[in-house]
Amino acid sequence: MANPNQWMIDPKDAVMLLIDHQSGLFQLVRDIDQPTLRNHVIALAKVARIAKIPTFTTASVPDGPNGPLIPEIHKLNPDAVYIPRTGQINAWDNPKWVEAIENTGRKSLIIAGTLTSVCMAFPTLSAIDAGYKVFNVVDASGNFSAMATDITLARVVQAGAVPTDTFATLAELMSTWNRPDAMEFAEIMKDHIVPHYQLL
């Protein structure tokens, strides 16, 4: 499989970052329905496992009102590594988070987070400033209003982030149907992203 161009995700250079997909924060989401958001996050966790993409998760005060991470992420991607924070709102302000990413030697970050305008945006801006290429999976991130999401996308794109969606992320990481695990990707499409794909 050939490496994609600079505007696309290179699976060999990618790290999946799933930030603050927590049960409490999900209750604030109004720009996407919660079952769809949950399905998209699950899809990313599954895709990262199949594509052998290093995956890191973190949560903001999970013992408080923000609640724990949704359990499906680590259940369906047991290779994902949870990195606790010590109060930082921006995950990038946690030295252990940055160290884990640096240790992969990879420079393309796939970032999704709830809430979009904070949990997704702040690490995105910090990572770009640190020299990383960032792809924001917008429909695997949830926010308290569509207006806030629009403003956030304008902000991160201005900084150099590339917005994308869950289906496109899966397709870029999959790269070709000519692979032994292709039907595993197709199952994720059917089960979590485009249920009507099974009609094909």
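Accessible areas here come from the Shrake-Rupley method with a 1.4 Å probe, and for residues only the protein chains shown count as cover. On that basis, the protein chain has an accessible surface of about 9,400 Å², and 57% of it belongs to carbon and sulfur atoms.

Some ground rules. This is a predicted model: local features need pLDDT of at least 70, side-chain atom pairs count only at pLDDT 80 or more, and totals for chains, interfaces and linings use all residues. Residues are numbered from 1 along each chain as its sequence is written, and side-chain values use heavy atoms, with hydrogens and water left out.

Now the fold. We have eight helices and six strands. Those are DSSP runs, numbered from the N terminus: helices are H or I with at least four residues, strands are E with at least two. The order along the sequence is β-α-α-β-α-β-α-β-α-β-α-β-α-α.

Next, overall dimensions. The C-alpha atoms fill a box of roughly 45 × 35 × 30 Å along the principal axes. The radius of gyration is 16 Å, which agrees with the value near 16 Å for a compact globule of 200 residues. That radius is taken over C-alpha atoms, and the globule rule is 2.2 Å times the number of residues to the power 0.38.

How much of the chain is buried? Buried residues make up 53% of the 200. Buried means under 20% relative accessible area, exposed over 50%, partly exposed in between (1.4 Å probe, protein chains only). Contact means heavy atoms within 4.5 Å. Of contacts between residues at least 6 apart in sequence, 76% join residues at least 24 apart.

Let's zoom in on helix α7, residues 166-174. Its buried residues are Thr166, Thr169, Leu170, Glu172, Leu173 and Met174. They pack against several elements, including β1 (14-19), α2 (34-50) and α8 (182-193).

Look at the ends of α7. Aspartate 165 caps the N-terminal end, with a side-chain oxygen 3.0 Å from the backbone nitrogen of phenylalanine 167. After the helix comes serine 175, with a positive phi near 75 degrees.

Last stop, threonine 166. Why does threonine 166 count as buried? Because its relative accessibility is 1%. Leaving aside residues up to four places away in sequence, threonine 166 touches His40, Ala43, Leu44, Val137, Asp139, Ala140 and Ile193. With aspartate 139 there is also a side-chain polar contact of 2.7 Å. A polar contact is a pair of N or O atoms within 3.5 Å; within protein, one must be able to donate a hydrogen and the other to accept it, and residues adjacent in sequence count only if both atoms are side-chain atoms.
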